[in-house]
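Please look through the sequence and the structure shown here before reading the report.

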Amino acid sequence: MRGAASYNSVQVDLKALQANFKAVRSRLLPGIRIMAVVKADAYGHGLEAAAEAFARAGADCFGVGTVEEGVRLRRAGLAGEVVLLLGVAPGEAAEVVENRLSPVVFDPAGLAELSRLAERRAGMVGVHLKLDAGMGRFGVVPTDLTRLAALIARLPGLHLAGLMSHFPLADVPGAEERCREQWQLLQAGYAVCLPPADVPRPLLHMANSAALLRFPWAHGDLVRPGISLYGYSPLPAEFAGVVPPLQPAMSLHSRVLQVKELPAGHGVSYGHRYVTSGRTRLAVLPVGYADGYPRGISGRAEVLLRGHRAPLLGTICMNACMADISSLPLVQAGDEAVFLGRQGEGFIGADELAAWHGTISYEILCRIGAMNQRVYGPLS
Ligand SMILES: *Cc1c(COP(=O)(O)O)cnc(C)c1O
């Protein structure tokens with residue numbers, strides 16, 4: 001965490017998170033709940049701060065990865081339901097019960113222990129049973145669903161809070177029919193899992209950001225947006241029409257450490273993979289792969305200086321990179337540099353960084369957020 005901390009900072013705009021939450025909510029019928037997905041330290045934005053922002057904006061519950069993240073939310077005073085998307089590992093049942101966390105369940109192992117501990121503490125643990133409707137990841141295969149649902153119904157101290165699945169193809173053009181079949185598989189599972197009439201019925205949920213934007217028929221009782229809350233669309237450009245206005249919340253700021261001129265024919269950075277073709281003004285910046293800025297984007301990346309884009313030259317180093325400022329004569333040492341986010345009229349989004357790197361915005365946000373000191377703007 002936090003390479004070159006004194007020079008670089010990630011700024012997180014909490015009002016943008018809240019505006020995104022409202023933009024997502026505007027796509028839902030009244031009564032449909034929202035699980036704000038805050039796993040992976042809220043996609044690099046900071047778990048506690050992001051969860052608080054979403055809670056104040058009206059989030060009903062929160063999706064985290066690990067028990068550790070769930071405990072952190074409770075310590076921060078968060079009261080809503082906290083769902084453990086990765087389930088419970090052996091030995092974690094006591095913490096789950098003590099912290100009133102709600103695990104996703106996809107395997108009978110560990111359920112008896114969870115039940116015993118819940119009963120001993122006279123509590124009830126809500127579990128979300130996960131069906132693998134085609135993802136090929138966490139989840140029970142359809143043929144085992146009834147048996148696992150029956151086991152949950154039998155075990156004291158446990159109640160079925162949700163029946164869920166996950167779309168593998170919600171962002172894929174042309175896959176709507178297969179998505180519909182997967183949703184129908186979950187609905188069919190619901191029919192066989194329903195508890196007796198005197199027990200509250202479980203929430204049916206399957207939609208991530210892509211599905212909730214594209215498929216209103218897949219909203220169920222609850223939707224689970226992640227990336228859209230952080231200001232990015234998971235969908236390719238052809239679906240822009242279904243995406244509400246979203247505001248990227250994370251930006252990466254640094255400043256120019258040195259400005260210099262190099263003569264023609266001078267190599268820049270390790271391996272001299274770039275050699276100047278004429279006199280070149282260079283800004284040396286203290287941002288590199290140890291700050292989450294991928295070395296793999298060397299040769300494609302740009303940075304904002306005085307509101308304009310400047311290309312980075314040569315290989316990105318561990319804690320440094322070099323921008324060509326030959327066409328920006330006013331840039332001087334101490335100037336702010338923006339690697340991700342807005343500066344003046346300029347904007348570089350995580351989508352664009354991701355395209356340079358052959359990845360998705362999610363990965364860029366996680367790594368830049370995790371590897372820098374974070375500073376928060378006010379809540380709305
Ligand atoms: C991460 C995750 C989500 C959120 O997905 P986005 O594409 O970021 O909206 C939803 N559901 C589950 C189970 C997840 O793991």
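The report covers the model, the ligand and the cysteines.

## The model

This is a predicted model, in which local features need pLDDT of at least 70 and side-chain atom pairs count only at pLDDT 80 or more, while totals for chains, interfaces and linings use all residues. Residues are numbered from 1 along each chain as its sequence is written, and side-chain values use heavy atoms, with hydrogens and water left out.

## Around the ligand

The ligand is surrounded by 13 residues, the closest being Lys 39, Tyr 43, Ser 209, Ile 227 and Tyr 362 (a residue is near if one of its heavy atoms lies within 4 Å). This shell divides into 5 nonpolar, 4 polar and 4 charged residues, where Ala, Val, Leu, Ile, Met, Phe, Trp, Tyr, Cys and Pro count as nonpolar, Asp, Glu, Lys and Arg as charged, and the others, Gly among them, as polar.

Lys 39 has a polar side-chain atom 2.6 Å from an oxygen atom of the ligand, and for Tyr 43 a polar side-chain atom likewise lies 2.6 Å from a ligand oxygen. For Ile 227, a polar backbone atom is 2.8 Å from an oxygen atom of the ligand.

## The cysteines

A search of the whole structure finds 0 disulfides, a disulfide being a pair of cysteine sulfur atoms within 2.5 Å. Cys 193 is in no disulfide, and the nearest cysteine sulfur, that of Cys 61, is 19 Å away. Cys 193 is buried, with a relative accessible area of 7%, and Cys 179 is buried with 0% (buried means under 20% relative accessible area, with a 1.4 Å probe and protein chains only).

Note on methods:
A polar contact is a pair of N or O atoms within 3.5 Å; within protein, one must be able to donate a hydrogen and the other to accept it, and residues adjacent in sequence count only if both atoms are side-chain atoms. Buried means under 20% relative accessible area, exposed over 50%, partly exposed in between (1.4 Å probe, protein chains only).
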